[in-house]
Amino acid sequence: MADSSSASLLDRSRTIAPPGYNRWLVPPAALAIHLAIGQAYAFSVFNKPLGSLFSGDPANPAPTDWTPTQIGITFSIAIVLLGLSAALFGKWLERVGPRKAMLAAALCFGGGFLIGSLGISMHNIWLLYFGYGFIGGIGLGIGYISPVSTLIKWFPDRKGVATGMAIMGFGGGAMIASPLSVALMNHFKGSAPQGVAPTFIVLGIIYFLFMQFGVWTIRVPADNWAPAGYVPNAEHSALITAGNVSADNAIKTPQFWLLWVVLVTNVTAGIGVLETASPLIQDTFSDKAMGAGNGVTAAAAAGFVGLLSLFNLLGRFFWSSASDKLGRKTTYAIYFGLGILLYASIPTLGHNLQLTLYVVAACVIVSMYGGGFATAPAFLSDLFGKYQVGAIHGRLLTAWSTAGVLGPLIVHQLHDHAKAKGLTGAAAYQNVFYTMAGLLAVGLLADLAVTAVNEKYQEKGPVTIEAGGH
């Protein structure tokens, strides 16, 4: 094995922080990765343009145009591959370190846009699926867990804050991507159908370059490093373990699978709304419902997507930080209990054209959806210890893969069924929200069932807490 003097710049040994390194320099590197891959949450701004590449009119698509369901599959593939690649490459990340993993993520995510652009130009949806969905989705998965695994080791005393810092960038990515994508499509509209293909090229290049900041500034703590004055036993909670459980043993515990149900229900409910956010608000508050000239425009809908992104971002930091004080289990109970009430109220607000309250309810819902993601790694660290927490988190994200299929599928199927019955506007979405409220009730029951992990699953004897691998 090469020593650090001759090791590649990408090797883990070249990223170990020197003594006295300020750990607060690490979060910006994590944000650079997550702000980029968080673009996935803005994919809905492409729904209508991608569905009118031939007709040029989203309201009257041509027979050869892609349907909303076909386009929605692209997003689902990306989320499925996010979870699968996070699970598959979790142990690899722990071994090679975050720099190499982040570069791989940048190559896949940026390259996925370029391949997707070719598919759009050729009107070959399979190339779009392969590029943005498959290759880009692998980039999403590797990029997602790299900063989380690293930050949780830098901030053992503030696990909720740490995971919130890492993951809030993913929630906020659409806040940048949504208006940027709309502006680029308008700019390129004269040279390509709806301007989508060249927009994908520009985004792929921008995000690849932006992610390089994270790649080259990330640092990992030395083995057995701890912040000054930190005493692990000072953490008092029946759910916080003093031991460590390996990734292979973690999936044998009921606690892992209860958390899997918690995450899949929370994500299915939230992702089904986020993935259709732009058309959802345009259809609910259309010119027909609000009066000519008063409906929500495509630009305003993009603003709504950006606003949801802001609350997704803020919720990830606020709720996960609050969980350090409230406890993870209590925090999830709040997500589910309040979420059930809000989801059940959305159809009424839409039917009564209460646009402001509708937007407020959606923002609170999305803040808790984001909080659910950010609190999960801290919950895992509480239950299973910091040993291989990145790999365990990667395996838990298969719940996200499942939700990436279930969420859009439920939304599109229920919405299509409602439209077939002649329902329009808010009425066409009411069963979607009632179904999501029911899913949250299942998640609440799973959360309430979580208890401490049995000691028989813990590693025997001392273990080396990997800070990115060896």
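Tutor: What follows covers confidence, then the pocket, the cavities and the aromatic pairs.

This is a predicted model, in which local features need pLDDT of at least 70, side-chain atom pairs count only at pLDDT 80 or more, and totals for chains, interfaces and linings use all residues. Residues are numbered from 1 along each chain as its sequence is written, and side-chain values use heavy atoms, with hydrogens and water left out. pLDDT is the predictor's confidence in each residue, from 0 to 100. Its mean over the protein chain is 85, and 93% of the residues reach 70 or more.

Now the pocket. On a 1 Å grid over the protein atoms alone, a pocket is an open set of points with protein on both sides within 12 Å along at least five of seven lines; a cavity is a set where a 1.4 Å probe fits but cannot get out; lining residues have an atom within 4 Å of a point. Grid points are joined across faces, edges and corners, and a volume is the space filled by probe spheres set on the points.

The largest pocket holds about 840 Å³. Its lining has 35 residues, and Lys48, Asp283, His415, Lys419 and Tyr429 lie nearest the centre. Several helices, including helix 3 (68–96), helix 10 (277–284) and helix 13 (328–351), each supply at least two lining residues. Helix 16 gives the largest share, five residues. Helices here are DSSP runs (H or I, at least four residues), numbered from the N terminus. The pocket lining has 15 nonpolar, 14 polar and six charged residues. Ala, Val, Leu, Ile, Met, Phe, Trp, Tyr, Cys and Pro count as nonpolar, Asp, Glu, Lys and Arg as charged, and the others, Gly among them, as polar.

Look at helix 10 again. Seven of its eight residues are buried, so helix 10 is largely enclosed by the rest of the structure. Buried means under 20% relative accessible area, exposed over 50%, partly exposed in between (1.4 Å probe, protein chains only). Leu280 is one of the buried residues of helix 10. Leu280 also lines the second largest cavity.

There are five cavities of 30 Å³ or more. Helix 9, helix 13 and helix 14 (355–384) each supply at least two of its lining residues. That lining divides into seven nonpolar, two polar and no charged residues. The second largest cavity has about 50 Å³. Ile365 is among its lining residues too. Helix 14 gives the largest share, four residues. This lining has nine nonpolar, no polar and no charged residues.

Last, the aromatic pairs. Rings of Phe, Tyr and Trp (its six-membered ring) pair if their centres lie within 6.5 Å; planes under 30 degrees apart are stacked, over 60 edge-to-face, the rest tilted. The whole structure has 30 such pairs. Phe256 and Trp257 pair edge-to-face, at 5.0 Å between centres and 85 degrees between planes. Phe256 is buried at 1%, whereas Trp257 is partly exposed at 42%. Trp257 also pairs with Trp260, tilted, at 6.1 Å and 50 degrees. Trp257 and Trp260 are three residues apart in helix 9 (residues 254–274), so about one helical turn separates them. Trp260 is buried at 18%.
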